[in-house]
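Here is a friendly walk through one protein model, written for someone who likes to keep the coordinates open while reading. Please have your viewer ready and follow along residue by residue.

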Amino acid sequence: MKKNNEPFFKQNSIFGCLIGATFIFASLLFILAGKGIVVNAQFHNIIMMLTIFGIFMGVRKYRDEQLAGVISYGKALKTGIYILCVASLCYAVYVFFLYSFNADLLTEFKNVTINTLKITGQNSPLFKMLEENMDIYFVPVSIAFGELFNRILVGAAFSLFIAGLVRRSKLPFNPQEF
């Protein structure tokens with residue numbers, strides 16, 4: 001018997017892209033409003049809430065539409081992490097292009113990062129090395145990879161909790177009993 005994973009990949013990839021699009025839309029709104037996205041607590045809280053809501057809705061939608069309302073904890077976790085990886089990849093590609101074509105934003109990112117490092121580790125040899133080689137380490141690719149890793153890590157932690165909320169071993173009632 002051949003297992004067909006097409007509905008899993010199709011539905012969850014589309015949902016992951018939609019969540020990634022909401023991340024991009026939120027970022028553009030903040031940029032257009034002049035609030036910036038570099039070390040902005042409001043922006044990161046909104047992205048976190050979009051992550052939680054998106055994973056919950058995506059796993060629940062997959063459970064109800066493709067699995068007849070029944071999903072194990074492991075499958076819910078796998079689904080949530082997959083959706084999150086697709087969303088994070090979409091956002092990371094956007095971040096790469098955003099920082100590639102917006103030199104002011106890249107400069108702001110470098111300045112904020114260096115100022116933060118100055119506060120935390122002024123006399124550290126690592127700080128001196130980063131400050132001297134700032135143009136090598138802080139490039140759009142490294143920023144995009146950092147965003148990808150950050151979104152996946154934070155979202156995976158939320159997925160652990162959300163999978164427990166969404167899992168269902170049997171339907172609440174059997175409609176054929178009535």
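The model is a predicted one, in which local features need pLDDT of at least 70, side-chain atom pairs count only at pLDDT 80 or more, and totals for chains, interfaces and linings use all residues. Residues are numbered from 1 along each chain as its sequence is written, and side-chain values use heavy atoms, with hydrogens and water left out.

**Salt bridges**

What does Arg151 pair with? Its side chain meets that of Glu147 in a salt bridge, 2.9 Å from N to O. A salt bridge here is a side-chain nitrogen of Lys or Arg within 4 Å of a carboxyl oxygen of Asp or Glu. Arg151 and Glu147 both belong to helix H7 (residues 140-166), where they sit 4 residues apart, about one turn of the helix. Glu147 counts as buried as well, at 17% relative accessibility.

Searching the whole structure gives 3 salt bridges. The table sets out the pairs.

| Lys61 | Glu65 | 2.8 Å |

Lys61 and Glu65 lie 4 residues apart in helix H2 (residues 41-66), so about one helical turn separates them. Lys61 is partly exposed, with 33% relative accessibility.

Which residues does Val166 touch, once its neighbours within four places in sequence are left aside? They are Phe56, Val59, Arg60, Arg63 and Ile71, with contact meaning heavy atoms within 4.5 Å. Val166 itself lies in helix H7 and is buried at 1% relative accessibility.

Val166 and Arg63 are 103 residues apart in sequence, yet their C-alpha atoms are 8.2 Å apart in space. Met57, a residue of helix H2, is 109 residues from Val166 in sequence and 9.4 Å from it, C-alpha to C-alpha. Met57 is partly exposed, at 25% relative accessibility.

What does Val86 contact beyond its neighbours within four places in sequence? The answer is Ser13, Gly16 and Cys17. Gly16 is 70 residues away along the chain, while the C-alpha atoms of Val86 and Gly16 are separated by 4.9 Å.

**A loop residue with a positive phi**

Ala68 sits in the loop between H2 and helix H3 (73-101). Although it is not a glycine, Ala68 has a positive phi of about 55°. In general, most residues other than glycine have a negative phi. Ala68 counts as exposed, at 57% relative accessibility.

**The whole protein**

How many helices and strands does the protein have? There are 7 helices and 0 strands, and from the N terminus on the order is α-α-α-α-α-α-α. The protein is more spread out than a compact globule, because its radius of gyration of 20 Å is well over the 16 Å that the globule rule gives for 178 residues. That radius is taken over C-alpha atoms, and the rule is 2.2 Å times the number of residues to the power 0.38. Helices (H or I, at least four residues) and strands (E, at least two) are DSSP runs, numbered from the N terminus. Along the principal axes, the C-alpha trace spans about 70 × 35 × 35 Å.

Of the 178 residues, 35% count as buried. Among contacts with a separation of 6 or more, 77% come from residues 24 or more positions apart.

Conventions. Buried < 20%, exposed > 50% of the residue type's maximum accessible area, 1.4 Å probe, protein only.
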